[in-house]
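I opened my notebook for this one with a simple plan: look at the spaces first, then at what packs around them. Here is the model I had on screen.

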Amino acid sequence: FQRPLDESEVSLNALIPYVLKQGSVNYPDNKAISKTLEELYGGSFDCVVRKKGDTQIIGFLFDFLSPRYVKNPAYKKNIFKFIYDVVFNPLVKDGGFLPEFTEREKKNQIEYVKGIINDKREYASVRCVEEMFKGEPYALFTGGSVEGIEKADGKSLYNQYLKIVKSSPIDVFISGDIDINEIKTM
C-alpha cells in the first residue's frame, strides 16, 4: 500500500501491518497463523514499513513453496485465502482493532523507535535525513514518533486502515514458477 508521507498518519501507518499480523477473522491469533503456514508447507509471512521518496510503503511479504511441487489442487486457493484474510479481514471489536493487539504493537513500536539511538549507524542515518530534509515529508521517520504511537488506539488505527484500503494504490509483486494468468483470475 502506498501512502503519502504525512506527519498526521505516519505513526498509524507504521503500526497497522503489525496489528494485522497478529490475527484475522479466520486466523485469530499467532497460533492459528503459524499452524496455517505450516500446513502450507512451511510458508512464511512478514510485514515491512519503508519509504520511497515522499511515499510511505506498507508491505506484506509472503513466501510459499512453488505449487508445482504440491499435489493438493486446493493449495493455491488456500494461499490466496490466507493472504486475503490476513490483509483484508482483520479482527475488529466495537469499531476498532482488538485492544490487546493494538497495545502490544504500540509497545513494540515505541521500543523500536526509542531503540534506534542504540544502533549508531541507523540513528545517524535517521538524524541526517531529518536534518537534511527538515520541513519536508521525506524527513519523517517511517516508524513514526513516540508521541504519534502513544495517541493511537484500536479505533483510530482501524479507521486509518479503512482509509488506506479504500484510497491507496496497491502494488502486488509475484515471483517464481507460477502461471500468471491463473494468478490474475484468483
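**Entry 1: the cavity**

I began with the lining of the largest cavity, whose residues divide into 8 nonpolar, no polar and no charged. For the classes, Ala, Val, Leu, Ile, Met, Phe, Trp, Tyr, Cys and Pro count as nonpolar, Asp, Glu, Lys and Arg as charged, and the others, Gly among them, as polar. This is a predicted model, in which local features need pLDDT of at least 70 and side-chain atom pairs count only at pLDDT 80 or more, while totals for chains, interfaces and linings use all residues. I kept in mind that residues are numbered from 1 along each chain as its sequence is written, and that side-chain values use heavy atoms, with hydrogens and water left out.

Which residues line the largest cavity? I noted F1, I16, L20, I58, F60, Y161, I164 and V165. The elements giving two or more residues to this lining are α1, β3 and α7, and α7 gives the most, with 3 residues. Helices (H or I, at least four residues) and strands (E, at least two) are DSSP runs, numbered from the N terminus.

The volume of the largest cavity is about 40 Å³, and my search of the whole structure found 1 cavity of 30 Å³ or more. On a 1 Å grid over the protein atoms alone, a cavity is a set of points where a 1.4 Å probe fits but cannot get out, and a pocket is an open set with protein on both sides within 12 Å along at least five of seven lines; lining residues have an atom within 4 Å of a point. Grid points are joined across faces, edges and corners, and a volume is the space filled by probe spheres set on the points.

I moved on to the largest pocket, which has a volume of about 1200 Å³. Its lining has 35 residues, and F60, F62, V172, F173 and I174 lie nearest its centre. β2, β3 and α3 are the elements that give two or more residues to this lining. By class I noted 23 nonpolar, 5 polar and 7 charged residues there.

The second largest pocket holds about 160 Å³ of space. Its lining includes K51, Y112, E122 and F141. Helix α5 (residues 120-132) supplies the largest share of that lining, 5 residues. The classes here are 7 nonpolar, 2 polar and 3 charged.

**Entry 2: the core**

Next I looked up the largest nonpolar core, which has 38 residues. Such a core is a set of buried Ala, Val, Leu, Ile, Met, Phe, Trp, Tyr and Cys residues joined through side-chain atoms within 4.5 Å. Those with the most contacts inside it are F45, F60, F64, F82, F97 and L157. Among the elements that give two or more residues to this core are α1 (10-20), β2 (44-52), β3 (55-63) and α7 (154-167). In soluble globular proteins, nonpolar side chains tend to be buried together.

I then followed F45. Not counting residues up to four places away in sequence, F45 touches K21, I33, L37, F60, L61, F62, F82 and V86; contact means heavy atoms within 4.5 Å. F45 counts as buried at 10% relative accessibility. Buried means under 20% relative accessible area, exposed over 50%, partly exposed in between (1.4 Å probe, protein chains only).

**Entry 3: the rings**

How many aromatic pairs does a search of the whole structure find? I got 14. Rings of Phe, Tyr and Trp (its six-membered ring) pair if their centres lie within 6.5 Å; planes under 30 degrees apart count as stacked, over 60 as edge-to-face and the rest as tilted.

The ring centres of F1 and F60 are 6.3 Å apart with planes at 85 degrees, so this pair is edge-to-face. It links distant parts of the chain, 59 residues apart: F1 in the segment before β1 (2-4) and F60 in strand β3. F1 and F60 are both buried.

For F45 and F62, the centres are 4.8 Å apart and the planes at 5 degrees, so I logged the pair as stacked. F45 sits in strand β2 and F62 in strand β3, 17 residues apart. F62 is partly exposed, with a relative accessible area of 24%. Ring pairs link Y27, F45, F62, F64 and F82 into a cluster.
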